[in-house]
Amino acid sequence: MTASPAPRYRLHETPIGDVLIVTTDEGIVTLHPLRTSLEAQLEHLSRRLGAVPEHDDTDATACAAALQLDEYFDRRRQEFALSLDWRLVRGFTRDALEAVRAIPYGETAGYGEVAITAGSPRASRAVGTACATTPFSIIVPVHRVVRADGSIGEYGGHPEVKRFLLDLEQQAAGE
């Protein structure tokens with residue numbers, strides 16, 4: 001039995017800062033804006049994945065993700081067509097994130113609405129936790145999930161990024 005190749009990573013520059021894209025043979029295992037040092041992120045991922053991600057700017061899956069991110073930020077893409085490796089997501093968190101994927105481009109849904117769609121109507125707080133801890137930012141549009149009062153809430157401590165993403169989509173949807 002041969003060992004599977006190490007996870008691969010690349011950084012991709014976007015209007016919201018560098019995005020860390022980490023892939024495995026199964027797909028994207030995490031994609032999110034870099035908010036701490038790259039070294040700290042890779043160390044954290046190494047512990048969770050049981051392998052140290054290797055830098056690879058030529059990985060086909062990461063290249064496809066980078067291209068689709070560029071198209072998204074250029075308002076030419078509304079849905080991502082990427083394989084996801086869900087190994088870092090468990091239980092209801094996955095159900096919640098799958099429900100988030102159903103929120104249409106340019107629209108928002110409340111945490112409670114997502115909980116209902118995910119099959120647990122009383123789990124709005126768990127939806128909040130799922131959104132806050134998702135390994136998949138942007139490509140699983142947790143930025144589209146808002147508070148019951150319509151306010152946008154946090155986005156990993158960066159509500160300005162959430163506002164940017166929502167405005168980008170609403171402007172593109174209105175064109």
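# Close-up views of a predicted model

**View 1. Asp85 and Arg87 meet through their side chains.** The side chains of Asp85 and Arg87 form a salt bridge, with N and O 2.7 Å apart. A salt bridge here is a side-chain nitrogen of Lys or Arg within 4 Å of a carboxyl oxygen of Asp or Glu. Asp85 is buried, with a relative accessible area of 5%. Arg87 is partly exposed, at 38%. Buried means under 20% relative accessible area, exposed means over 50%, and partly exposed lies in between (1.4 Å probe, protein chains only).

This is a predicted model: local features need pLDDT of at least 70, side-chain atom pairs count only at pLDDT 80 or more, and totals for chains, interfaces and linings use all residues. Residues are numbered from 1 along each chain as its sequence is written, and side-chain values use heavy atoms, with hydrogens and water left out.

**View 2. Further salt bridges.** The structure holds 10 salt bridges. One of them joins Arg77 to Glu71, the closest N and O atoms being 2.8 Å apart. Glu71 is buried, with a relative accessible area of 15%. Another links Glu98 with Arg101, where the closest N and O atoms are 3.3 Å apart. Glu98 is partly exposed, at 31% relative accessibility. Arg101 is partly exposed too, at 36%. Arg8, Asp25 and Asp59 are linked in a network of salt bridges.

**View 3. Gln78 in its loop.** Gln78 sits in the loop between helix H2 (60–73) and helix H3 (91–100). Helices (H or I, at least four residues) and strands (E, at least two) are DSSP runs, numbered from the N terminus. Gln78 is partly exposed, with a relative accessible area of 46%. Set aside its neighbours within four places in sequence, and Gln78 is in contact with Tyr105 and Arg144. Contact means heavy atoms within 4.5 Å. Asp95 is 17 residues from Gln78 along the chain, and their C-alpha atoms are separated by 21 Å.

**View 4. The four-stranded sheet.** An open sheet of four strands has the order S3-S2-S1-S4, with mixed pairing. Its edge strands are S3 and S4 (54–55), and each pairs on one side only. Two strands pair if DSSP finds at least two bridges between them. Strands of a sheet pair through backbone hydrogen bonds, either parallel or antiparallel. S1 and S4 pair in the parallel sense over two bridges. Tyr9 stands opposite His55 in S4.

**View 5. Strand S2 and its two partners.** Strand S1 (residues 8–14) and S2 are antiparallel, paired over seven bridges. Arg10 has Ile21 in S2 as its bridge partner. S1 and S2 form a hairpin with two residues between them. S2 and strand S3 (residues 27–33) also run antiparallel, joined by six bridges. Val22 stands opposite Thr30 in S3. S2 and S3 form a hairpin, again with two residues between them. Why is S2 (residues 17–24) largely enclosed by the rest of the structure? Because six of its eight residues are buried.

View 6. Helix H1 (residues 38–49) lies across S1, S2 and S3. H1 runs at about 25 degrees to S2. H2 also lies across S1, S2 and S3, running at about 15 degrees to S1. Axes are lines fitted to C-alpha atoms, for helices over the stretch in contact, and angles run from 0 to 180 degrees between N-to-C directions.

View 7. The protein is divided into domain 1 (8–74) and domain 2 (91–173). These bounds come from an automatic or database domain assignment. The C-alpha centres of domain 1 and domain 2 lie 21 Å apart. The contact takes 13 residues from domain 1 and 13 residues from domain 2. About 1100 Å² is buried between domain 1 and domain 2, and carbon and sulfur atoms give 72% of that area. Buried area is the accessible area (1.4 Å probe) that two parts lose on being put together, summed over both. Which residues of domain 1 lose the most area to domain 2? They are Ile16, Leu31 and Tyr72, together 48% of what that side buries. Across the interface of domain 1 and domain 2, the rule finds zero salt bridges.
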